[in-house]
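Here's a quick briefing to read with the viewer open.

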Amino acid sequence: MAVKVRIPTPLRGLTNGQGEVEAAGRTIGDMLVDLENRYPGIKERLCDEAGNLRRFVNIYVNEEDIRFKQGSDTALSDGDDVSIVPAIAGG
Amino acid sequence: MSRAAHLKYDDFVTSGVMLIIPSNISSAMLEHVKADFPFECCGLLAGKGDAVSHIYRMSNTDKSKVTYLMDPAEQMRVFKEMRSLELELKAIYHSHPNHPAWPSRTDIELAYYPEAVYIIISINDSRETEVGSFRIINKEITVEDIDLQ
């Protein structure tokens, strides 16, 4: 499944400055592996050592937060819009 | 998520250009700070070029006196609206109840938006406020003046 992925500013150094890239995968987990193959170093910025999404990273599929779907098992369809959006947080 | 080493202050800031926040927006921001006291409030300012034209009061899902986390669903909705109105994210504001208007360690650690000015509004028990404005890029703080009208 080919999807469009919106990349946040702090990660665009890894995507040659592109704010939107293509990636493929049947699920978000697959797509993250594909993204890592295309843009090495990106996955560790999004996931911890155990492969879980980092706490302050939100991923949306067609504007739905994957934490309220099936997390990294969330299925993707051709043409889906995936957004990687850092949380806005502080102290 | 750590910051990429390539990000530089100069990539995001044109020297000499100051963000202009009109009086209706700065008043709304300070009202938000006072209304949510003693808890931290948070919100977004959007606009075009050096002018802010929209304020979005966001929900602090932490409901805390010392931290904030914007509701992710609300954040997504607001980002979508900003895109449809062709607005850019200009500033991220939050309050520091009874703490100085200076970025905390958590603020620095979680500053993922180099394109935005981070506005911090200190408020004390007498409801007096003080505003600080900064860029936080690669965990480095730079004071950035804003034109708060």
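In this predicted model, helix 1 of chain A (residues 28-38) has five names to look for on its buried list: Ile28(A), Met31(A), Leu32(A), Asp34(A) and Leu35(A). They sit on the same side of helix 1 of chain A, because the arc they cover around the axis is only 165 degrees.

**Helix 1 of chain A and its cover**

- The general rule behind this kind of pattern is that an α-helix has 3.6 residues a turn, so residues three or four places apart point the same way.
- Among the elements that cover the buried residues of helix 1 of chain A are strand 1 (2-6), strand 2 (20-24), strand 3 (57-61) and strand 5 (81-86) of chain A.
- Helix 2 (42-46) of chain A is also part of that cover.

**Ser72(A), a loop residue**

- You'll find Ser72(A) in the loop that runs between strand 4 (64-65) and strand 5 of chain A.
- Is Ser72(A) buried or partly exposed? Its relative accessibility is 39%, so Ser72(A) counts as partly exposed.
- If we skip neighbours within four places in sequence, the contacts of Ser72(A) are Thr27(A), Ile28(A), Gly29(A) and Ile66(A).
- One of those contacts, Ile28(A), is also on the buried list of helix 1 of chain A.
- Leu32(A), another residue on that buried list, is 40 residues from Ser72(A) along the chain, with 8.8 Å between their C-alpha atoms.

**Chain A overall**

- Chain A has two helices and six strands, and their order from the N terminus is β-β-α-α-β-β-β-β.
- Chain A is as compact as a globular protein of its length, because its radius of gyration is 12 Å and the globule rule gives 12 Å for 91 residues.
- Taken along the principal axes, the C-alpha trace of chain A spans about 40 × 30 × 25 Å.
- Buried residues make up 48% of the 91 in chain A.
- Of the chain A contacts with a separation of 6 or more, 49% involve residues 24 or more positions apart.
- Chain A has an accessible surface of about 4300 Å², and carbon and sulfur atoms account for 42% of that.

**Chain B overall**

- Chain B has four helices and nine strands, running α-β-α-β-β-β-α-β-α-β-β-β-β from the N terminus on.
- A box of roughly 40 × 30 × 30 Å along the principal axes holds the C-alpha atoms of chain B.
- In chain B, 47% of the 149 residues count as buried.
- How much of the contact list in chain B comes from residues 24 or more positions apart? For contacts with a separation of 6 or more, the share is 66%.
- Chain B exposes about 7100 Å² of accessible surface, 50% of which belongs to carbon and sulfur atoms.
- There are 15 positive and 22 negative side chains in chain B, and 5 Å lies between the centres of the two sets.

- Tyr68(B) belongs to strand 4 (residues 68-69) of chain B.
- With a relative accessible area of 1%, Tyr68(B) is buried, the cut-off being under 20%.
- Neighbours within four places aside, Tyr68(B) touches chain A at Ile88(A), Ala89(A), Gly90(A) and Gly91(A).
- Within chain B, the contacts of Tyr68(B) include Glu40(B), Cys42(B), Asn60(B), Asp62(B), Ile92(B), His94(B) and Asp107(B).
- Ser95(B) is 27 residues from Tyr68(B) in sequence, and their C-alpha atoms are 9.0 Å apart.

**Backbone spots to check in chain B**

- The peptide bond between Phe37(B) and Pro38(B) is cis, with omega about 10 degrees.
- Pro38(B) is in the loop between helix 2 (23-36) and strand 2 (42-48) of chain B.
- Glu86(B) isn't a glycine, yet its phi is positive at about 55 degrees.
- Glu86(B) falls in the loop between helix 3 (72-84) and strand 5 (88-97) of chain B, and its relative accessible area of 60% makes it exposed.
- Lys139(B), not a glycine either, has a positive phi of about 65 degrees.
- The loop between strand 7 (129-137) and strand 8 (140-143) of chain B holds Lys139(B), which counts as partly exposed at 40% relative accessibility.

How values were computed:
Residues numbered from 1 in each chain as written. Chains lettered and ligands numbered in written order. Predicted model: local features only at pLDDT ≥ 70, side-chain atom pairs only at ≥ 80, totals over all residues. Heavy atoms only, no water. Buried < 20%, exposed > 50% of the residue type's maximum accessible area, 1.4 Å probe, protein only. Arc of directions from axis to C-beta. Contact = heavy atoms within 4.5 Å. Areas by Shrake-Rupley, 256 points an atom, 1.4 Å probe, with all protein chains shown as cover. Lys, Arg positive; Asp, Glu negative; His and termini not counted. Charge placed at Lys NZ, Arg CZ, Asp CG, Glu CD. Rg over C-alpha atoms; globule rule 2.2 N^0.38 Å.
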